[in-house]
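Subject: The structure, and what turned up in it

Hi,

Here is the structure I promised to pass on. Please open it first, then read my notes alongside it.

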Amino acid sequence: MPLLRVVDRDGVEQQIQAPNAGVLMEPLRDMDDGVTAICGGMCSCATCHVYIDEAWVPKVPAAMSDETDMLKDLVSYRGAASRLSCQIQLSDALDGLRVTIAPED
Ligand code: FES
């Protein structure tokens, strides 16, 4: 079970034990003040936007074109490490992953 380090919108880092199945969005949605994930993970709302910690960017599987299109089209606060958390599969390989929840658009 991967341990995630999540920086919320107040800049507070929390540690969350996540399952090693499903997607990153799910434990982030369950947090107080986590992502809203309005579309439920269908890659159509961009309300699950997070920034991957720089050290982790090469270790997270790359985004597919539909995700990158969504980030370009719908996200105002897009950065180089922006990802849609509903498109990142959880696994033990992500143990220690640090992400920051992006500001709401
Ligand atoms: S939950 Fe809607 S795009 Fe990720």
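Two points before you go on. This is a predicted model: local features need pLDDT of at least 70, side-chain atom pairs count only at pLDDT 80 or more, and totals for chains, interfaces and linings use all residues. Residues are numbered from 1 along each chain as its sequence is written.

**Overall layout**

The chain has two helices and five strands. Helices (H or I, at least four residues) and strands (E, at least two) are DSSP runs, numbered from the N terminus. Along the sequence, the pattern reads β-β-α-β-α-β-β.

Two residues are in contact if their C-beta atoms, placed from the backbone, lie within 7 Å. Take the contacts between residues at least 6 apart in sequence: 63% of them join residues at least 24 apart.

**The sheet**

In what order do the five strands lie in the sheet? The order is β2-β1-β5-β3-β4, in an open sheet with mixed pairing. The edge strands are β2 (13-17) and β4 (82-84), and each pairs on one side only. Neighbouring strands are turned by 35° against each other on average, direction ignored. Such angles run from 0 to 180 degrees between N-to-C directions, and the axes are lines fitted to C-alpha atoms, for helices over the stretch in contact.

Two strands pair if DSSP finds at least two bridges between them. Strands of a sheet pair through backbone hydrogen bonds, either parallel or antiparallel. Here are three of the pairings:

- β1 and β2 are antiparallel, with five bridges. They form a hairpin with five residues between them, and Gly 11 in the turn has a positive phi of about 85°.
- β1 and β5 run parallel, joined by three bridges.
- β3 and β4 are antiparallel, with three bridges. Val 50 stands opposite Arg 83 in β4.

**The core**

A residue is buried if 20 or more other C-beta atoms lie within 10 Å of its own, exposed if 12 or fewer, and partly exposed in between; C-beta atoms are placed from the backbone. By that rule, 29% of the 105 residues are buried.

A nonpolar core is a set of buried Ala, Val, Leu, Ile, Met, Phe, Trp, Tyr and Cys residues joined through C-beta atoms within 7 Å. The largest one here has 22 residues, and those with the most contacts inside it include Met 25, Val 50 and Val 99. The elements that give two or more residues to this core are β1 (3-7), α1 (25-30), β3 (49-52) and β5 (98-101).

Start with Met 25, in helix α1. It counts as buried because it has 25 C-beta neighbours inside 10 Å. Beyond its neighbours within four places in sequence, Met 25 is in contact with Val 35, Ala 37, Gly 41, Cys 48, Ser 85 and Cys 86.

Then find Val 99. Not counting residues up to four places away, Val 99 touches Leu 4, Val 6, Val 50, Tyr 51, Ile 52 and Asp 53. Leu 4 and Val 6 make up the covered face of β1, while Leu 3, Arg 5 and Val 7 are on the uncovered one.

**The loop between α1 and β3**

Is Asp 33 buried or exposed? Asp 33 is exposed, because 11 other C-beta atoms lie within 10 Å. It is found in this loop, and its phi is near 60°, a positive value in a residue other than glycine.

Cys 43 is in the loop as well. Its phi is also positive, about 60°, although it is not a glycine. With 16 C-beta neighbours inside 10 Å, Cys 43 counts as partly exposed.

Cys 45 lies in the loop too. It is partly exposed, with 19 other C-beta atoms within 10 Å. Cys 45 touches Ile 38 and Cys 39, leaving out residues up to four places away in sequence. The C-alpha atoms of Cys 45 and Leu 71 are separated by 9.6 Å, and the two are 26 residues apart along the chain.

Best wishes
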